[in-house]
Amino acid sequence: MTVAPTLSSPHRDTAWPFWPLVPLYPYGQRPTLRTEVVKDTVWTFDQFQGIFYVVVPIRMTVVRLEPRGLLVYAPVAPTTECVRLLRELEDRHGPVRYIILSTVTGIEHKVFVGPFARRFPTAQVYVTPNQWSFPLNLPLPWLGLPADRTQLLPDDSSRLPFADQVDCAILPPIPLGLGPFGETACFHRPSRTLMVTDALVSIPAEPPAVVQINPFPLLFHAKDSPADAIVDTPENRRKGWQRIALFAFYFRPSTLDVATTGDMFREAKQAPDRSRQNYFGLYPFRWQPHWPDSFNALHNQGKLSVAPILKTLIFNRGPRDVLDWAKQVATWQFERVIPAHMDAPIAANPQLFLEAFDFLRPGAVSHSSMTDADTQLLRDIDAGLTQRGISRPSQVFQGDP
């Protein structure tokens with residue numbers, strides 16, 4: 001892999017004026033990190049986003065098509081900087097010809113597609129079928145997608161104009177209540193690169209480069225008490241990142257205690273920094289000494305895995321469809337996987353890809369006791385949604401393992 005990050009971040013270039021549509025940190029600023037994954041062929045464009053300084057990467061992937069042109073998978077915010085970095089590739093390899101909206105559910109991806117398409121007015125837009133919106137289920141043009149050049153991805157990807165180089169596999173919609181979950185995986189055959197959105201992740205032990213552009217969120221979560229100063233060291237960046245990962249995937253891991261409101265305000269008086277950026281010294285988190293054990297179980301040596309949220313709340317609603325989709329994807333001879341979140345690229349073959357879905361098979365081995373404890377809140381949410389009839393119950397896979 002060739003790693004060639006490109007970054008520039010004057011405030012005007014990174015401004016994102018539409019942030020109120022999905023108000024996630026860093027709000028009106030979206031710096032972009034471009035990395036060349038396969039020389040002159042595959043690039044990733046990373047930004048970051050989160051809530052309460054729980055920041056994680058969000059990523060689009062760009063591949064070069066023959067004889068000229070670019071395909072964009074899962075667009076990110078088309079800031080001036082992001083567009084400029086993509087124009088540099090257009091100058092060398094031809095225009096953006098195709099844009100793929102790869103998710104049905106992920107609003108943090110969907111919100112960028114309309115504005116992105118307007119910056120590249122000759123590109124054709126392909127969207128994963130079964131799109132929906134809340135509270136009103138609006139037609140695609142009302143969601144900002146250009147009506148004259150937007151169409152659904154077909155079930156048979158051989159009908160696509162780029163089918164000679166890219167295969168697509170659509171995960172059938174999994175009913176969740178308000179709307180279905182679904183996504184499209186794409187395989188760029190010349191580079192042996194598989195692109196997925198939310199289906200799989202690899203959680204790095206070190207903080208990704210893009211979240212280190214502004215390390216304050218990492219350092220904020222590295223604190224053990226409100227009295228701790230913000231100190232920028234590699235160790236604190238790593239510590240903060242690993243705690244952020246636990247928040248992002250478990251919401252409330254078992255190794256975390258939360259201070260009472262009264263204690264939180266009293267202890268804030270001890271904070272050396274009571275600025276607005278530091279939440280006026282308020283810091284409710286109390287990590288138990290063995291919290292690294294929780295992270296190590298989640299990290300799982302950086303292997304491809306299905307995120308706990310998808311395991312507990314989504315994929316178990318349609319195990320047969322998910323496994324059939326995974327088997328279809330595993331017929332492609334890829335050697336790397338680029339998810340839209342966390343680490344990328346991941347060196348992985350079809351066998352490793354399939355192993356990530358083993359939890360859906362009959363007789364699958366349960367999680368470790370640590371992971372079971374960390375997913376308790378997710379399982380409580382699962383039970384509540386099912387009892388209220390908001391989500392259908394989880395299903396047991398019936399069929400050949």
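Guide: A residue is called buried when its relative accessible area is under 20%, exposed when that area is over 50%, and partly exposed in between. The model here is a predicted one.

Visitor: What makes F220 buried or exposed?

Guide: The relative accessible area of F220 is 2%. The limit for buried is under 20%, so F220 is buried.

Visitor: Why is Y279 called partly exposed?

Guide: Y279 has a relative accessibility of 28%.

Visitor: How do you know which kind of pair the rings of F220 and Y279 form?

Guide: Two rings pair if their centres lie within 6.5 Å, and planes over 60 degrees apart count as edge-to-face. The ring centres of F220 and Y279 are 5.5 Å apart and their planes stand at 75°, so this pair is edge-to-face.

Visitor: What does the pair of F220 and Y279 tie together?

Guide: F220 is in helix α5, residues 216–221, while Y279 is in the loop between α7 (261–268) and β14 (285–287). The pair therefore ties together parts that are 59 residues apart in sequence.

Visitor: How many aromatic pairs does a search of the whole structure find?

Guide: The search finds 29 aromatic pairs. One of them joins Y25 and Y27: the ring centres are 5.9 Å apart and the planes are at 85°, so this pair is edge-to-face.

Visitor: What makes Y25 buried or exposed, and why is Y27 called partly exposed?

Guide: Y25 has 12% relative accessibility, which is why Y25 counts as buried. Y27 has 35%, so Y27 counts as partly exposed.

Visitor: Why is Q131 called buried?

Guide: Its relative accessibility is 16%, so Q131 counts as buried. Q131 is placed in the loop between β6 (124–127) and β7 (150–152).

Visitor: What makes the link between the side chains of Q131 and K110 a polar contact?

Guide: A polar contact needs a pair of N or O atoms within 3.5 Å. The side chains of Q131 and K110 make such a contact at 3.3 Å. The Q131 side chain also reaches the backbone oxygen of T103, at 2.9 Å.

Visitor: What makes A271 buried or exposed?

Guide: A271 has 8% relative accessibility and therefore counts as buried. A271 lies in the loop between α7 and β14. Leaving aside neighbours within four places in sequence, A271 is in contact with P226, A227 and G281. The C-alpha atoms of A271 and D228 are separated by 6.8 Å, although these residues are 43 residues apart along the chain.

Visitor: Why is P215 called buried?

Guide: P215 has a relative accessible area of 15%, so P215 is buried. P215 is found in the loop between β12 (193–195) and α5.

Visitor: How do you know that the protein chain is as compact as a globular protein of that length?

Guide: The protein chain has 13 helices and 16 strands. The radius of gyration of the chain is 21 Å, close to the 21 Å that the globule rule gives for 401 residues, so the chain is as compact as a globular protein of that length.

Key. Residues numbered from 1 in each chain as written. Predicted model: local features only at pLDDT ≥ 70, side-chain atom pairs only at ≥ 80, totals over all residues. Heavy atoms only, no water. Phe/Tyr/Trp six-rings, centres within 6.5 Å; stacked < 30°, edge-to-face > 60°. Buried < 20%, exposed > 50% of the residue type's maximum accessible area, 1.4 Å probe, protein only. Helix = DSSP H or I, 4+ residues; strand = E, 2+ residues; numbered from the N terminus. Rg over C-alpha atoms; globule rule 2.2 N^0.38 Å. Polar contact = N/O pair within 3.5 Å; in protein donor to acceptor, adjacent residues only side chain to side chain. Contact = heavy atoms within 4.5 Å.
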